[in-house]
Amino acid sequence: MEDIIKDARGGRVAPVYVLAGTEPYFIDSLSGELTELLMPEQNRDFDMSLFYGLETDANRIIEACRQFPLLGDRRVVLVREAQQLRGGLEALEPYCKTPSEKTVLILCFKGVDDIRKGAAKAAKALAACGGVIYESKKVYESALPAFITRRLKARGVAIEPKAAEMLVEHVGTDLSRMDSELEKLAGSLSAGEKQVTAAMVEEQTGLSRDYNNYELVSALARKNKTQTLKIVRYFNDNPRSFALTPTLSTLFSFYADLMQAYYAPDKSERGVAEWLGQPDWKVRKDLMPALRIYPARKVMRILSEIRQTDARSKGVEGCRMAPGDLLLELVCFIFD
């Protein structure tokens, strides 16, 4: 995404941009940045056309692309929800073969995994004319701290690793909501402040910096029974701050990563981080201590027990235990 914007800023503008994928946030962000960059606001009423796939057809889009600019040196034609356009990208293949030199066409296909598979001929024509296809992929939870760090860095702000983990737990993988939370946090910093702290996240979200899923993982990674039971007790006493399913998901991810770490050719911190594709600080924080404490056979049993706990929480085997009691039973198994 950064390379596309960098090229456009440098004057290397493609005639057609196809933005497709399963993560709408990046599609919206890139189409917005391209529009801001390529079309001055004062020219938009005259030299920009906006269409929605369900409300238009390929002929109307091509007709708009063939028009000449009135005020500036180019036109911009933006098509949102292009996956609902009858015929999809294939319907625009004739235009992709010979695009206008005076128009930039931006097509946004949301929820489409790989536009090349379903529109091979059009994609080939697009490549031949210098068009660009950008694939917007879902961001998994493990990659969210890096996303948070990058977005704040772009605003000239740093963030504590713990604060990033808290935001991941609070927001999840909704990137639009995450960006909104980051904007509020960056805007709340006083003059001279350049770092978002865990205390700031706690104040904004109401999520405890000491009693949350990531602190539970840290306590279990070190087999700190006292701290683990404190967190479980806090969850029981504050049901609004606790939901068993996300907690089990966090625990399963941690122990699954730990299981994979046993197979790393290089068991150093750097080696494990590269093997798992995770940042050094995350491996250093919890995985390295756990590697020294847990035998691999026990980790396999823990993963199986987490699955069983999840099933029981959904009523399997007629289980009617409260979520807090199920979590307590699980951590007791882990410490056994």
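Reader: Okay, in which sense do E3 and E4 pair?
Author: In this predicted model, strand E3, residues 75–80, pairs with E4 in the parallel sense, and five bridges hold that pairing. Val76, for instance, has Val104 in E4 as its bridge partner.

Reader: And how many bridges join E1 to E4?
Author: Six bridges join strand E1, which covers residues 16–21, to E4, and these two strands run parallel. Within that pairing, Gly21 stands opposite Lys110 in E4.

Reader: What about Asp114, where does that lie?
Author: Asp114 lies in the loop between E4 and helix H6, residues 115–118, and Asp114 is partly exposed, with a relative accessible area of 24%.

Reader: Switching topic, which residues of helix H11 are buried?
Author: In H11, which spans residues 198–205, the buried residues include Ala198, Met200, Val201 and Thr205. Seen down the helix axis, the buried residues of H11 fall within an arc of 160°, so they line one face of the helix.

Reader: What do those buried residues pack against?
Author: They pack against helix H9 (161–171), helix H10 (175–188) and strand E7 (195–196).

Reader: And what follows H11?
Author: H11 is followed by Gly206, a residue whose phi is positive, near 80°.

Methods. Residues are numbered from 1 along each chain as its sequence is written. This is a predicted model: local features need pLDDT of at least 70, side-chain atom pairs count only at pLDDT 80 or more; totals for chains, interfaces and linings use all residues. Side-chain values use heavy atoms; hydrogens and water are left out. Buried means under 20% relative accessible area, exposed over 50%, partly exposed in between (1.4 Å probe, protein chains only). Helices (H or I, at least four residues) and strands (E, at least two) are DSSP runs, numbered from the N terminus. The arc is that of the directions from the helix axis to the C-beta atoms. Contact means heavy atoms within 4.5 Å. Two strands pair if DSSP finds at least two bridges between them.
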